[in-house]
Amino acid sequence: MASARSLVAKANNTNVGSLILMALVFGSCVANGEYLGGRRGLAAVAGNPTVFDITKNGAVGNGATDSSKCVPVPKGDFLAGPVIFAGPCKSKVTVEVQGTIIAPPSGYPTPEWFLFEHVDNVVLTGPGTFHGKGEAVWKADGCGKKVDCNLPPTSLKFRNILNLDISGISSVNAKAFHMFLVKTTNVNVQNIKITAPAESPNTDGIHLSNAVNVHIVDSLIATGDDCISVGRGSTNVTVERVTCGPGHGLSVGSLELGWFVSKHGCGPVDITYEDIMMTNVKNPIIIDQNYGSRGGDSKVAISNVLFKNVRGTTITKDEVQFMCSKSVPCKGVSVVDVELNFVGDKGGHPSSSGGLVGALCTNANVIFGGKLSFPLCPK
């Protein structure tokens, strides 16, 4: 790839679960927010989503006419969906949610509840709530740990959008992903709250695919899966002052259901995890290229990853785990000023390093520095 990809997770008092980098999978059009059948027709026919076509509601898509529009949702509880806000339109569109919007249990012809697509300069603001009612489908329809399955619908998907601001909203009990950003550029997410039980399957807080210039700040994300997962083609992503947990932490390249990059090609580069607090975390720092492996060595290269000023407590004796590819070992991985106090293996997870608290490195060129609370990887 011509340009390096970067992710920065930093700030004072940022609380997360695990910091996870995983890279080895096949590509998936649907998993990356695309549709195998091309762009859908936007007709509100029986069995299809309700379509909010802003060009038919006063907006003019010529790039010159002031088509600023506010779509308010007042206080109260409203059963609605699935819904599509569709352009094309380049004028500002504001969706203000004051009340609670409740998802129906079924009737989703496409894999999302609310979809914003081909609408630039979108503002989605609260203090309202999107309630996905995922508790009604997790056991029956959730993918769990299955490799091949169709995920229940994402609560909020943003696709092909330039300039997106999301603030003040809450997302509760999504059926699958709470928020999915696909082919979006210039995104600011702040002061949002995302919640689902720890045992809820595939309820990623925010998933990114081909998302560019993304800033996520001052938010709470507590789910049963990744807090924030950064998938294929995403660049210049910054996460600051975000509290994660329960959940799987900040992940780059989640492979469980075939997301992120193809098995061959460039992998995560220029990634910084800095100024992070952890509390009783399992697998606090991990790069795992064997995760979800279907045989064969990964050909995805991981380089220039920094873990700095990470502090707190862990229930895993292997405080730092780097399990990289034999074919393309990890390069330029740095661990600086990491102090994690082992507080007991409460989850019953044995240590891969023979029971001693320390670091585990396989096929990884790791530079350790500063204050460290654990023995280094054996030479």
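**View 1. Arginine 311 and glutamate 339 meet in a salt bridge.** The model is predicted: local features need pLDDT of at least 70 and side-chain atom pairs count only at pLDDT 80 or more, while totals for chains, interfaces and linings use all residues. Residues are numbered from 1 along each chain as its sequence is written, and side-chain values use heavy atoms, with hydrogens and water left out. Arginine 311 belongs to strand β23 (residues 299-314) and glutamate 339 to strand β25 (residues 330-342), so the bridge ties together parts 28 residues apart in sequence. Helices (H or I, at least four residues) and strands (E, at least two) are DSSP runs, numbered from the N terminus. Arginine 311 has a relative accessible area of 28% and is therefore partly exposed. Glutamate 339 is also partly exposed, because its value is 30%. Buried means under 20% relative accessible area, exposed means over 50%, and partly exposed lies in between (1.4 Å probe, protein chains only).

**View 2. Arginine 241 and aspartate 218 form a salt bridge.** A search of the whole structure finds four salt bridges. In this one the closest N and O atoms are 2.5 Å apart. Arginine 241 is in strand β19 and aspartate 218 in strand β17, so the contact ties together parts of the chain 23 residues apart in sequence. At 39% relative accessibility, arginine 241 is partly exposed. Aspartate 218, with 35%, is partly exposed.

**View 3. A salt bridge joins arginine 159 and glutamate 117.** The N to O distance is 3.1 Å. Arginine 159 sits in strand β12 (residues 154-167) and glutamate 117 in strand β9 (residues 112-119), and the two are 42 residues apart. Both arginine 159 and glutamate 117 are buried.

**View 4. Phenylalanine 158 is one of the two residues with the most contacts inside the largest nonpolar core.** A nonpolar core is a set of buried Ala, Val, Leu, Ile, Met, Phe, Trp, Tyr and Cys residues joined through side-chain atoms within 4.5 Å. The largest such core has 67 residues, and Ile206 is the other residue with the most contacts in it. At least three residues of this core come from each of domain 1 (1-29 + 254-378) and domain 2 (69-140 + 151-238); the domain bounds come from an automatic or database domain assignment. Which residues does phenylalanine 158 contact, leaving aside its neighbours within four places in sequence? They are Phe116, Leu124, Leu164, Ile166, Met179, Phe180, Leu181, Val182 and Thr184, where contact means heavy atoms within 4.5 Å. In soluble globular proteins, nonpolar side chains tend to be buried together.

**View 5. Cysteine 227 and cysteine 244 form a disulfide.** Three disulfides are found in a search of the whole structure, each being a pair of cysteine sulfur atoms within 2.5 Å. A disulfide is a covalent bond between the sulfur atoms of two cysteines. The sulfur atoms of cysteine 227 and cysteine 244 are 2.0 Å apart. The torsion about their S-S bond is about -55 degrees, so this disulfide is left-handed. Cysteine 227 lies in the loop between β17 (212-222) and β18 (228-230), while cysteine 244 is in strand β19, so the pair ties together parts 17 residues apart in sequence. Cysteine 227 and cysteine 244 are both buried.

**View 6. A disulfide links cysteine 324 and cysteine 330.** The S to S distance is 2.0 Å. With -100 degrees about the S-S bond, the link is left-handed. Cysteine 324 is buried at 3% relative accessible area, and cysteine 330 is buried at 1%.

**View 7. Cysteine 361 and cysteine 377 are joined by a disulfide.** Their sulfur atoms are 1.7 Å apart. The torsion about the S-S bond is about 60 degrees, so the disulfide is right-handed. Cysteine 361 is in strand β26 (residues 358-362) and cysteine 377 in the segment after β27 (364-372), 16 residues apart. Is each cysteine buried or partly exposed? Cysteine 361, at 24%, is partly exposed, whereas cysteine 377, at 11%, is buried.

**View 8. UniProt places the feature "active site" at His248.** The UniProt entry is unreviewed. UniProt positions are given in the numbering used here, feature names are shortened, and annotations may be inferred rather than shown by experiment. Histidine 248 is in the loop between β19 (235-244) and β20 (250-252). Its relative accessibility is 35%, so histidine 248 counts as partly exposed.

Methods: A salt bridge is a side-chain nitrogen of Lys or Arg within 4 Å of a carboxyl oxygen of Asp or Glu.
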